[in-house]
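This report goes through a few features of one protein chain. Please look at the sequence and the structure before reading on.

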Amino acid sequence: MPPILTPRGLVALAAAGSAAVLIAALVFQALGFPPCDLCVLQRWPHLVAAILGALMLLFRLPMAFAGFGALAALTTSGFGLYHSGVERHIFAGPDSCTSNPISSLSAQDLMAQISAAPLVRCDEIAWQVLGITMPNLNAVVSLIFAGLWIAAALGDRRARR
């Protein structure tokens with residue numbers, strides 16, 4: 001079996017993938033695409049997965065920890081799916097970064113809402129290529145990372161039999 005397909009190799013791929021997603025997000029931010037609240041929320045599980053993978057490889061932690069990596073990847077994938085739905089106006093987004101109906105607001109309440117509104121809204125697509133947005137990419141790529149984490153855990157179980 002090639003070394004990259006060993007359980008530890010799969011952990012390295014998944015953790016490096018999460019680190020690459022974080023780096024890419026920071027590069028996009030530096031290029032003038034500031035993140036909304038949901039974008040930032042999607043970064044935390046990637047950070048957990050990257051750190052967990054590094055710790056597993058550095059300290060040769062048991063592959064049982066790979067389940068936590070899979071959970072982190074599935075969490076950020078779920079956030080990405082939710083954010084994709086918010087961008088497409090399928091789901092209502094959090095009040096902190098989306099627009100809400102204003103028909104029932106007084107002028108004073110409306111001004112307060114405008115003053116408190118963030119600069120970056122979650123329900124607006126900031127970047128897309130061929131209709132694919134950053135949250136769409138995160139959701140799909142994170143599912144792949146979850147598969148790598150799960151394959152690492154299962155591969156380790158098979159090896160110990």
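Predicted model: local features only at pLDDT ≥ 70, side-chain atom pairs only at ≥ 80, totals over all residues.

Val40 has its place in helix α2.

Val40 also belongs to a nonpolar patch on the surface.

## The largest pocket

How much space lies in the largest pocket? The volume comes to about 490 Å³. The lining of this pocket is made up of 27 residues, and those closest to the pocket centre are Val21, Ala25, Met134, Pro135 and Asn138. Four elements are listed as giving two or more residues to the lining: α1 (7–30), α2 (37–59), α3 (66–87) and α5 (134–160).

How do the lining residues divide into nonpolar, polar and charged? There are 18 nonpolar residues in the lining, along with 5 polar and 4 charged ones.

Ala20 is a residue of helix α1. With a relative accessible area of 43%, Ala20 is partly exposed, since exposed residues have over 50%.

Ala20 can also be placed relative to Ala50. In sequence, these two residues are 30 residues apart, while in space their C-alpha atoms are 9.1 Å apart.

## Two loop residues with positive phi

Most residues other than glycine have a negative phi. Which loop holds His89? His89 lies in the loop between α3 and α4 (107–116). Its phi is positive, at about 60 degrees, although His89 is not a glycine. The relative accessible area of His89 is 56%, so His89 is exposed, the cut-off for that class being over 50%.

Leu130 is likewise not a glycine, and has a positive phi of about 55 degrees. The loop that holds Leu130 runs between β1 (128–129) and β2 (132–133). Is Leu130 buried or exposed? Leu130 counts as exposed because its relative accessibility is 83%, and exposed means over 50%.

Key: Residues numbered from 1 in each chain as written. Heavy atoms only, no water. 1 Å grid on protein atoms, 1.4 Å probe; cavity = no way out; pocket = protein on both sides within 12 Å on 5 of 7 lines; lining within 4 Å. Points joined across faces, edges and corners; volume = space filled by probe spheres on them. Nonpolar A, V, L, I, M, F, W, Y, C, P; charged D, E, K, R; others polar. Patch = residues over 30% accessible without salt bridge, like charges linked within 9 Å, V, L, I, M, F, W, Y side chains within 5 Å. Areas by Shrake-Rupley, 256 points an atom, 1.4 Å probe, with all protein chains shown as cover. Salt bridge = Lys/Arg side-chain N within 4 Å of Asp/Glu carboxyl O. Buried < 20%, exposed > 50% of the residue type's maximum accessible area, 1.4 Å probe, protein only.
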